[in-house]
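Welcome, and thank you for opening the viewer. Keep your selection tool at hand, and we will go from stop to stop together.

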Amino acid sequence: MDDIDRAILRELQADGRIPYADLGPKVGLSPSAARQRLQRLIDTKVVQVVGVTDPMAMGGQAMALLAITVDGDPRAVADELSRRDEVIYAVLTAGTFDLFAEVVCQHPPDLLDFINDVVRPAEGVVRVESFPYFGIHTHRFLWDVG
């Protein structure tokens, strides 16, 4: 990846639907050259174009990142939690916690119920630390592309 590729990615992070006619000049290319660059990034799997929903806009009012410590294989807990509609994603870690799970619930009491009734009783879970966030505009899906 070079500086122009990174500039394309920055523009796409700001507006994933930007027309090539606008993208090209913003990154110093013609629209067709910008289209070819982006297609190369997609073809080489450097970039994946996906739609990302905003759980808060879809009715959820309570979200949290759960840091979970497991006695045993955390993959089983991650798999179990991933089957739940409340779980946006579960990721295994190599740090202090064995896995993180991001959850969204309709209301703050539902979040507490989910943690107490679903996560804590899951086989192997020994500790759950929650980092709740409430309200709108809590997510920023931006990565530094250089």
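Asp5 is buried, with a relative accessible area of 2% (buried means under 20% relative accessible area, exposed over 50%, and partly exposed in between, using a 1.4 Å probe and protein chains only). Before you go on, note that this is a predicted model, in which local features need pLDDT of at least 70 and side-chain atom pairs count only at pLDDT 80 or more, while totals for chains, interfaces and linings use all residues. Residues are numbered from 1 along each chain as its sequence is written, and side-chain values use heavy atoms, with hydrogens and water left out.

Asp5 belongs to helix H1. Helices (H or I, at least four residues) and strands (E, at least two) are DSSP runs, numbered from the N terminus. Which residues does Asp5 touch, not counting those up to four places away in sequence? Select Arg37, Arg40 and Leu41 to see them. Contact here means heavy atoms within 4.5 Å.

Now click on Arg37, which sits in helix H3. The side chains of Arg37 and Asp2 are joined by a polar contact of 2.9 Å. A polar contact is a pair of N or O atoms within 3.5 Å; within protein, one must be able to donate a hydrogen and the other to accept it, and residues adjacent in sequence count only if both atoms are side-chain atoms. If you leave aside neighbours within four places in sequence, Arg37 is in contact with Asp2, Ile4, Asp5, Ile8 and Leu29.

Axes are lines fitted to C-alpha atoms, for helices over the stretch in contact, and angles run from 0 to 180 degrees between N-to-C directions. On the H1 side, the contact is made by Ile4, Asp5, Ile8, Leu9 and Leu12. On the H3 side, look for Ala34, Arg37, Leu38, Arg40 and Leu41. Sorted by class, the contact of H1 with H3 has 7 nonpolar, no polar and 3 charged residues. Ala, Val, Leu, Ile, Met, Phe, Trp, Tyr, Cys and Pro count as nonpolar, Asp, Glu, Lys and Arg as charged, and the others, Gly among them, as polar.

Select Tyr20, a residue of helix H2. Tyr20 is partly exposed, with a relative accessible area of 33%. Not counting residues up to four places away in sequence, Tyr20 touches Pro25, Pro31, Ala34, Arg35 and Leu38.

How do H2 and H3 pack, and what is the angle? H2 (residues 20-27) meets H3 at about 90°, with axes 7 Å apart. H2 and H3 are therefore roughly perpendicular to each other. Tyr20, Ala21, Leu23 and Gly24 of H2 make the contact with Pro31, Ala34, Arg35 and Leu38 of H3.

Move on to Lys45, in the loop between H3 and S1. Is Lys45 buried or exposed? Lys45 is exposed, with a relative accessible area of 72%. The phi of Lys45 is near 65°, a positive value in a residue other than glycine.

Select strand S1, residues 62-70. In S1, 8 of the 9 residues are buried, so S1 is largely enclosed by the rest of the structure. S1 runs antiparallel to strand S3 (residues 99-105), with 7 bridges joining them. Two strands pair if DSSP finds at least two bridges between them. Ala67 stands opposite Phe100 in S3, and the partner of Ala64 in S3 is Val103.

S3 is mostly covered, with 6 of its 7 residues buried. Strand S2 (residues 87-92) is also antiparallel to S3, joined to S3 by 5 bridges. Val87 has Val103 as its bridge partner in S3. S2 and S3 form a hairpin with 6 residues between them.

## Last stop: the whole chain

Zoom out to see 5 helices and 4 strands. Along the sequence they follow the pattern α-α-α-β-α-β-β-α-β. Of the 146 residues of the chain, 33% count as buried.

Terms used:
Parallel < 35°, antiparallel > 145°, perpendicular 65-115°, else oblique.
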